[in-house]
Amino acid sequence: MRIVLLGKPGSGKGTQAAMLSEESGLPHLSSGAILRDEIREKTPFGMQIEEYVLKGEIGPQELITDVVFGYIERKGYASGFILDGFPRTVYQAEMLDERYRPGMGVLIDVPDDLIVDRISLRLTCADCDAIYHGTSRPPASSGICDSCGGKLEQRSDDNAGAIRKRLESYRNEIQQVIDMYRDTGRLLTIDGTSTPGEVYKSLKNATMNR
Ligand code: AP5
Ligand code: MG
């Protein structure tokens, strides 16, 4: 099963993908996490896209698509995955359909007024990318990842300027992607405003029990 999670920055794509991955056994791939790893490792690609990620802009499309597809191939994930953050544009959605056509796109619907609180209090593990939140999902020990013991930090693009830009990029690009999934009968929309556990129940209903 190939599933795509769509939604604004901070809508909970990463949180929900991790929960669904754990229960379903499907691998979770976050394009943002792949890009952040490349930046951390200072690869030539990482250095090329760092500025875009820091500013919250969509980077070079073809290159990012190649890297995400290369990752899917290398890891042997072609037959099933939960993809989060990709596709973001019509180009990416068309390329994905050509190569690994997903069976469904799940849109996690959250109004803008919840986004800033969610993102500004987010903490992410520098080692395993696990996601926490200062109030809704605090770690057991302050600053330390429950899963791997890594150091929790704030993402460098979780600042007011980049958040604004990410929301703007999202608005400019995503509607056509949503329309593509709707027009091909693959769009499911879930309410992302309740607790992570409640949202997960809807996601599970929409995907695993379908
Ligand atoms: P990416 O990493 O994909 O960032 P994003 O789309 O902005 O989404 P986020 O990761 O910020 O949010 P999320 O929906 O995963 O929410 P989360 O679960 O963490 O991309 C980063 C950048 O990389 C982009 O700006 C771009 O530059 C580049 N990029 C990535 N993909 C690209 C592509 N395909 N093409 C080109 N460029 C690309 O939750 C957020 C917080 O809320 C957490 O603290 C969490 O604990 C909390 N939370 C989650 N759910 C709930 C809930 N139900 N109730 C309360 N709190 C909750
Ligand atoms: Mg994410």
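Three strands make up an open sheet in the order β6-β5-β7, and their pairing is antiparallel. In this predicted model, local features need pLDDT of at least 70 and side-chain atom pairs count only at pLDDT 80 or more, whereas totals for chains, interfaces and linings use all residues; side-chain values use heavy atoms, with hydrogens and water left out. Residues are numbered from 1 along each chain as its sequence is written, while chains are lettered from A and ligands numbered from 1 in the order in which they are written. The protein chain has eight helices and eight strands in its secondary structure; helices (H or I, at least four residues) and strands (E, at least two) are DSSP runs, numbered from the N terminus.

- At the edges stand β6 and β7 (152-153), each of which pairs on one side only; two strands pair if DSSP finds at least two bridges between them.
- Strand β5 (residues 122-125) is joined to β7 by two bridges, and these strands run antiparallel.
- Cys-125 has Leu-152 as its bridge partner in β7.

**The parallel sheet**

- Another open sheet consists of five strands in the order β2-β3-β1-β4-β8, with parallel pairing.
- Because β2 (28-30) and β8 (187-191) each have a single partner strand, these edge strands are left without a neighbour in the sheet on one side.
- From one strand to the next, the twist averages 25 degrees; axes are lines fitted to C-alpha atoms, for helices over the stretch in contact, and angles run from 0 to 180 degrees between N-to-C directions.
- Strand β3 (residues 81-84) runs parallel to β2 and is joined to it by three bridges.
- His-28 has its bridge partner in β3, namely Ile-82.

- Thr-15 places a polar side-chain atom 2.6 Å from an oxygen atom of ligand 1.
- Tyr-132 has a backbone N or O atom 2.8 Å from an oxygen atom of ligand 1.
- For Ser-194, a backbone N or O atom lies 2.8 Å from a nitrogen atom of ligand 1.
- On its own, ligand 1 has 1000 Å² of accessible area, of which the protein covers 96%; accessible areas come from the Shrake-Rupley method with a 1.4 Å probe, and for residues only the protein chains shown count as cover.

**Overall dimensions**

- Along the principal axes, the C-alpha atoms of the protein chain fill a box of roughly 45 × 40 × 35 Å.

**Backbone particulars**

- The peptide bond that links Phe-86 to Pro-87 is cis, with omega near 5 degrees.
- Pro-87 is placed in the loop between β3 and α5 (90-100).
- Although Lys-42 is not a glycine, its phi is positive, at about 55 degrees.
- The loop between α2 and α3 contains Lys-42.

Note on methods. Polar contact = N/O pair within 3.5 Å; in protein donor to acceptor, adjacent residues only side chain to side chain.
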